[in-house]
Amino acid sequence: MVDIAAGLSLAAQAIGIVKDLREIDKGLDSAEYKARMADLYSALADVKMALADAQDEMKSKDQLIAELRDNFQKKGDLVEYHGFKYEKFEDESPKGIPFCPRCEQNLGRYYRLARREGARGDMKCPECKVDYRHIAEFSWEQGR
Ligand SMILES: [Zn+2]
């Protein structure tokens, strides 16, 4: 696999060399030569841009992998109660407010529901905006 950071620095170096050559070339006055140098310069600039894009893409993939890993880890730290997943205490009892099951299903991400106005247990997902009713809410601290 290509080392993208090294590729980027090589491309930048090559562009610098072409710039220098163009300076030296001033006395030669060959239109053809100059046109070719311009092509080369533009090609190298494209290489640099392509590598920069590739680097960005790799970074965002790394981020996604880290996020998925976190979520996978999180899944093991949750306990299910009446179809909703909650964080849990050491004794496996549910804690606080659950996460949105729809977002877990659709996005593979955990968004904690938020209380909304209305009856106790009425909650809303801040992400997908779905309303839920009769959601059991537990204490955030054990033994209360
Ligand atoms: Zn949701």
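β1 and β2 (residues 84-88) run antiparallel to each other, joined over four bridges, and E80 sits opposite K85 of β2. Strands here are DSSP runs of E, at least two residues, and helices are runs of H or I, at least four, numbered from the N terminus; two strands pair if DSSP finds at least two bridges between them. This is a predicted model, where local features need pLDDT of at least 70 and side-chain atom pairs count only at 80 or more, while totals for chains, interfaces and linings use all residues. Residues are numbered from 1 along each chain as its sequence is written, and side-chain values use heavy atoms, leaving out hydrogens and water.

The whole sheet is open, with three strands in the order β1-β2-β3 and antiparallel pairing. β1 (78-81) and β3 (94-95) are the edge strands with a single partner each, so one side of each has no neighbour in the sheet.

Now for the metal. C100, C103, C125 and C128 coordinate the zinc ion through their SG atoms at 2.2 to 2.3 Å (donors are N, O and S atoms within 2.8 Å of the metal, or 3.2 Å for Na, K and Ca; water is not among the atoms, so sites may look incomplete). Along the chain the donors are spaced C-x2-C-x21-C-x2-C. C103 in helix α3 (residues 101-107) and C128 in the loop between β5 (123-124) and β6 (131-132) link distant parts of the chain, 25 residues apart. The donor angles are 105 to 117 degrees, which makes the arrangement tetrahedral (four donors, all angles between 85 and 135 degrees).

Buried means under 20% relative accessible area, with a 1.4 Å probe and protein chains only:

| Residue | Relative accessible area | Class |
|---|---|---|
| C100 | 1% | buried |
| C103 | 2% | buried |
| C125 | 0% | buried |

Definitions and conventions: Four donors count as tetrahedral if all angles lie between 85 and 135 degrees; four count as square planar and six as octahedral if opposite donors are over 155 degrees apart and all others between 65 and 115; anything else is irregular. Buried means under 20% relative accessible area, exposed over 50%, partly exposed in between (1.4 Å probe, protein chains only).
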